[in-house]
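Please keep the sequence and coordinates at hand while reading.

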Amino acid sequence: MALLIVLSVVIVIIAIAAITLYNRLVRLKNTAQSSWSDIDVQLKKRFDLIPSLVETVKGYASHEKEVLTRLTEARSMMARATGPADMARSENMLKDTLKSLFAVAEAYPDLKANQNFMQLQQQLSSLEDGIEQARRYYNAVVRDYNTMIESFPSNIVASMFGFQQREFFQLDMPDVERKPVKPDFS
């Protein structure tokens, strides 16, 4: 009888531990999904800002079609991107193109002085800061989630219920891309 009681207590302890680990995994998974949504919102805001930027630049630098076309293509690529790795690739292309656009704008003093263009620059700079913060938070949550999936004994619960590691939102060219797009037209 004593053996049955001890065995029952051990089973209850194991069940409580498994439930606790399962709930923690679910909480981390949902937090990772939520933080990815935060990145998506920031990227969508920037995505929506680009047509206004293109139209403003087009009015002053209409013969700079190549840059404007690349920017439109980068925006389209970003719209089709799925998942963190694909999104990071399109993000890098878009950032490169935006840098080219702002370099082109340097040659047009009237454009640099345009109130609408300056306002778009400020919005873009603010969005870049927001994207950077959201990306950092997402990667921290994914790191905790992936660590939980790989650690013992939570890896047993994770494999039983099909929890899978998530991708980090990493930059392709970290040395170059770690800096946000902050145009300076002073």
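At what angle do α1 and α3 pack, and how far apart are their axes? In this predicted model, the two helices pack at an angle of about 30°, and their axes are 12 Å apart. Because angles under 35 degrees count as roughly parallel, α1 and α3 are roughly parallel to each other, and their crossing is left-handed. On the α1 side, the residues that meet α3 are W36, D40, L43, R46, I50, L53 and V57, and their counterparts in α3 are G83, P84, M87, E91, L94, K95, L98, L101 and F102.

Helix α1 also packs against α2, where the axes come within 11 Å and cross at roughly 165°. That angle makes α1 roughly antiparallel to α2, and the crossing of this pair is left-handed. The contact is made by L43, R46, F47, D48, I50, P51, V54, V57 and K58 of α1 together with L68, L71, R75, M78 and A79 of α2.

In soluble globular proteins, nonpolar side chains tend to be buried together. Here, the largest nonpolar core has 36 residues, and L98 and L101 are those with the most contacts inside it. At least two residues of this core come from each of α1, α2 (65-80), α3 (83-105) and α5 (115-150). Another core, of nine residues, lies apart from it and includes L28, M148, A158 and F163.

| Residue | Helix | Relative accessible area | Backbone oxygen reached by the side chain | Residues in contact |
|---|---|---|---|---|
| S35 | α1 (residues 2-60) | 1% | A32, 2.9 Å | Y137, Y138 and V141 |
| S154 | α6 (residues 154-160) | 3% | S151, 2.9 Å | L21, L25 and M148 |

Why does S35 count as buried? The cut-off for a buried residue is under 20% relative accessible area, and S35 is buried because its value is 1%. A polar atom of the S35 side chain lies 2.9 Å from the backbone oxygen of A32, while Y137, Y138 and V141 are in contact with S35 from beyond four places in sequence.

S154, found in helix α6, is likewise buried because its relative accessible area is 3%. The side chain of S154 reaches the backbone oxygen of S151 at 2.9 Å. Beyond four places in sequence, S154 is in contact with L21, L25 and M148, and M148 is among the residues of the nine-residue core.

Technical notes: Residues numbered from 1 in each chain as written. Predicted model: local features only at pLDDT ≥ 70, side-chain atom pairs only at ≥ 80, totals over all residues. Heavy atoms only, no water. Helix = DSSP H or I, 4+ residues; strand = E, 2+ residues; numbered from the N terminus. Buried < 20%, exposed > 50% of the residue type's maximum accessible area, 1.4 Å probe, protein only. Polar contact = N/O pair within 3.5 Å; in protein donor to acceptor, adjacent residues only side chain to side chain. Contact = heavy atoms within 4.5 Å. Core = buried A, V, L, I, M, F, W, Y, C linked by side-chain atoms within 4.5 Å. Axes fitted to C-alpha atoms, helices over the stretch in contact; angles between N-to-C directions. Parallel < 35°, antiparallel > 145°, perpendicular 65-115°, else oblique. Left-handed = near helix turned anticlockwise from the far one by under 90°.
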